[in-house]
Amino acid sequence: MTAIVTRIATMFNGNLVGTDELGNKYYCDRRSRKAPGSAIKQRRWVLYSGQADPSRIAPEWHAWLHHVVEAAPDPSSLVKHSWQKPHQPNMTVTVHAYTPSDTTANAAKPDTYRPWSPDN
């Protein structure tokens, strides 16, 4: 229900600013204009291309959403360095989450987990 209301409100009040490589669409309120020197900020939001997961927002769009930068990122002007990895969503609570080998989550394998005892 909320998603339908958000999409309808976006149709009437939103101005499409851009789309990222994951297909997320970024909007700002077309009615609110920030006056010079004003503390009032323009409302900005994102419509996710799939499941609503904030970790799927790329850093450059995160900065724009939170008013760290005023201008929306331009994909053609983004400089990707050789040491930068592609953005990955948060894998916590998924089957792909990292689990160290010496945790109780791996206790089903008795040869990989030994609880600490003062005699060791």
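Trp-61 and Trp-64 both belong to helix H2 (residues 59-65), where they stand three residues apart, about one turn of the helix. Helices (H or I, at least four residues) and strands (E, at least two) are taken as DSSP runs and numbered from the N terminus. The model is predicted, so local features require a pLDDT of at least 70 and side-chain atom pairs count only at pLDDT 80 or more, whereas totals for chains, interfaces and linings use all residues. Residues are numbered from 1 along each chain as its sequence is written, and side-chain values use heavy atoms, with hydrogens and water left out.

Aromatic pairs were assigned to rings of Phe, Tyr and Trp (its six-membered ring) with centres within 6.5 Å; planes under 30 degrees apart count as stacked, over 60 as edge-to-face and the rest as tilted. By this rule there are three aromatic pairs. One of them, formed by Tyr-27 and Trp-45, is stacked, with 6.0 Å centre to centre and 15° between the planes. Because Tyr-27 lies in strand S2 (residues 25-29) and Trp-45 in strand S3 (residues 44-47), this pair ties together parts that are 18 residues apart in sequence. Tyr-27 and Trp-45 are both buried, a term that denotes under 20% relative accessible area, with exposed meaning over 50% and partly exposed in between (1.4 Å probe, protein chains only). The pair of Trp-61 and Trp-64 is edge-to-face, because the ring centres are 5.7 Å apart and the planes are at 85°. Trp-61 counts as buried at 4% relative accessibility, and Trp-64 is buried with a relative accessible area of 3%. Together with Tyr-26, Trp-61 and Trp-64 form one aromatic cluster.

In soluble globular proteins, nonpolar side chains tend to be buried together.

Elsewhere, Phe-12 is located in helix H1 (residues 2-13) and, at 58% relative accessibility, counts as exposed.
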